[in-house]
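Thanks for coming. I will take a few minutes to walk through one structure, and you can follow along on the screen.

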2 protein chains.
Amino acid sequence: MSGGKLDPIDRKILAELQADGRMTNVELAKRVGISAPPCLRRVRALEEAGFIRGYHAQVNSRDLGFEVQVFAMVGLNSQAEADLSRFEQRCRDWPLVRECHMLNGEIDFILKCVAPDLSTFQSFLTEELLAADNVVTVKTSLVIRGAKLEPGVPFDVLEARAAEIE
Amino acid sequence: MSGGKLDPIDRKILAELQADGRMTNVELAKRVGISAPPCLRRVRALEEAGFIRGYHAQVNSRDLGFEVQVFAMVGLNSQAEADLSRFEQRCRDWPLVRECHMLNGEIDFILKCVAPDLSTFQSFLTEELLAADNVVTVKTSLVIRGAKLEPGVPFDVLEARAAEIE
DNA sequence: CCGATTTGCGCAATATTATTTCGCATTCGG
DNA sequence: CCGAATGCGAAATAATATTGCGCAAATCGG
């Protein structure tokens, strides 16, 4: 695993842990075809090297009382790096904003937001987001339903590419 | 935990497992202030009841060779339920599409896509997405950088609300 | 208000799993 | 062809998960 390159076993480990992050190490080892100790060493190395950023339980936000999900497309006045960074920091400070991506094109940022109800979101929108420095336009779209929510990366595509490269 | 309602310990469990999905049960028990066996029982019950949908390792897609992330805003011709469902099924079948949300407003769907490189994405865009039945407009925006990527739900907001309700 | 039922805790015992240690095989550069 | 480096896996040990109770507090019908 030295030079930062991954062999097929490493990729299999990542794929399995992406699919089930609580799999026991013995089960994982069985699936990738090596014994438990080297398997654990590989997992630790992958964590250490940053290929694995963390493990998270996927909670059902609707059941938890966050009925509203919204995508907000934000346009800024100035795209100077300092202003972009300042806006990003704002987003990090807002708990209702779960994701913030800087985009190219007319939209500068897209935010994925959650809220317990519409009025909570509206308050956030008008009092926080629209009121924020440097924000010019915000277009929001309510999520009606999530049709696909796959975490991470398509490992089947990755394997196909890896096979090509060989 | 009977009627589907959550007590403060359950919420703490969810918060902790959302933050670190591989935490051992003893550590979790320690943090939420009960002993290991009832803690494990609660976790199982939360999984069973669907509050926890699964556990996933968060892999670093860029390091894995998926350099390109794109948001695609899709407009359809017909919004009849059958047509919406057909499009959603298409999205589920496309590995490069990781998320698909149905929205209100002029945009019908927003897709979060990944690809190893731009040309792979362009091929997907022209040969698959734009060529798909019922698709009228697709606006794409490249992700320049991800400024905030918090999985799940803001438990601090949840706790604040829970406190109000009491 | 009281006893029966329910719910949920935690101790203690057992089964699984994680982690360390170490020796062996393979690879690689000289 | 040889020593160093890498990575595997068996075996031993340390932690953890899981099960099986008994017990206490809350709930409920009378």
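Before I read out the order of elements, one definition: helices, of at least four residues, and strands, of at least two, are DSSP runs, numbered from the N terminus. Please also keep in mind that this is a predicted model.

Let me start with chain A. What is the order of its elements? From the N terminus on, they run α-α-α-β-β-α-β-β-α-β-α. That is six helices and five strands. The radius of gyration of chain A is 20 Å, while the globule rule gives 15 Å for 166 residues, so chain A is more spread out than a compact globule. Along the principal axes, the C-alpha trace of chain A spans about 55 × 40 × 25 Å.

Next, burial and contacts. Of the 166 residues in chain A, 47% are buried. If we take contacts in chain A between residues at least 6 apart in sequence, 63% of them join residues at least 24 apart. Chain A exposes about 8000 Å², and 51% of that comes from carbon and sulfur atoms.

On charge, chain A carries 20 positive and 25 negative side chains. The centres of those two sets lie 6 Å apart.

Now the aromatic rings. How many aromatic pairs are there over all chains? The count comes to six. One of them is formed by A:Phe87 and A:Phe109, with 4.8 Å centre to centre and 50 degrees between the planes, which makes the pair tilted.

Back in chain A, ring pairs link A:Trp94, A:Phe121 and A:Phe124 into a cluster.

Let me move to the loop between strand 1 and strand 2, which I will look at in each chain. In chain A, that loop runs between strand 1 (52–59) and strand 2 (68–76), and A:Ser61 lies in it. The relative accessible area of A:Ser61 is 16%, so A:Ser61 is buried. What does it touch? Not counting residues up to four places away in sequence, A:Ser61 touches A:Phe66, A:Gln69 and B:Val153.

In chain B, B:Asn60 lies in the loop between strand 1 (52–59) and strand 2 (68–76). B:Asn60 has a relative accessible area of 12%, so it is buried. Leaving aside neighbours within four places in sequence, the contacts of B:Asn60 are A:Gly50, A:Phe51 and A:Arg53.

B:Asp63 is also placed in the loop between strand 1 and strand 2 of chain B. At 42% relative accessibility, B:Asp63 counts as partly exposed. With neighbours within four places in sequence left aside, B:Asp63 is in contact with A:Ala49, A:Gly50 and A:Phe51. The C-alpha atoms of B:Asp63 and B:Asp83 are 37 Å apart, for a distance of 20 residues along the chain.

B:Ala160 is partly exposed, at 44% relative accessibility. Its C-alpha atom is separated by 37 Å from that of B:Cys91, 69 residues away along the chain.

Last, a point on backbone angles. Most residues other than glycine have a negative phi. Where do we find a positive one? Phi of A:Asn134 is near 80 degrees, a positive value in a residue other than glycine. A:Asn134 is in the loop between helix 5 (118–129) and strand 5 (135–149) of chain A. In chain B, phi of B:Asn134 is likewise positive, near 80 degrees. B:Asn134 is found in the loop between helix 5 and strand 5 (135–149) of chain B. With a relative accessible area of 21%, B:Asn134 is partly exposed.

That is what I have for today.

Methods:
Residues are numbered from 1 along each chain as its sequence is written. Chains are lettered from A and ligands numbered from 1 in the order in which they are written. This is a predicted model: local features need pLDDT of at least 70, side-chain atom pairs count only at pLDDT 80 or more; totals for chains, interfaces and linings use all residues. Side-chain values use heavy atoms; hydrogens and water are left out. The radius of gyration is taken over C-alpha atoms; the globule rule is 2.2 Å times the number of residues to the power 0.38. Buried means under 20% relative accessible area, exposed over 50%, partly exposed in between (1.4 Å probe, protein chains only). Contact means heavy atoms within 4.5 Å. Accessible areas come from the Shrake-Rupley method with a 1.4 Å probe; for residues, only the protein chains shown count as cover. Lys and Arg count as positive and Asp and Glu as negative; His and the chain ends are not counted. The place of a charge is taken as NZ of Lys, CZ of Arg, CG of Asp or CD of Glu. Rings of Phe, Tyr and Trp (its six-membered ring) pair if their centres lie within 6.5 Å; planes under 30 degrees apart count as stacked, over 60 as edge-to-face and the rest as tilted.
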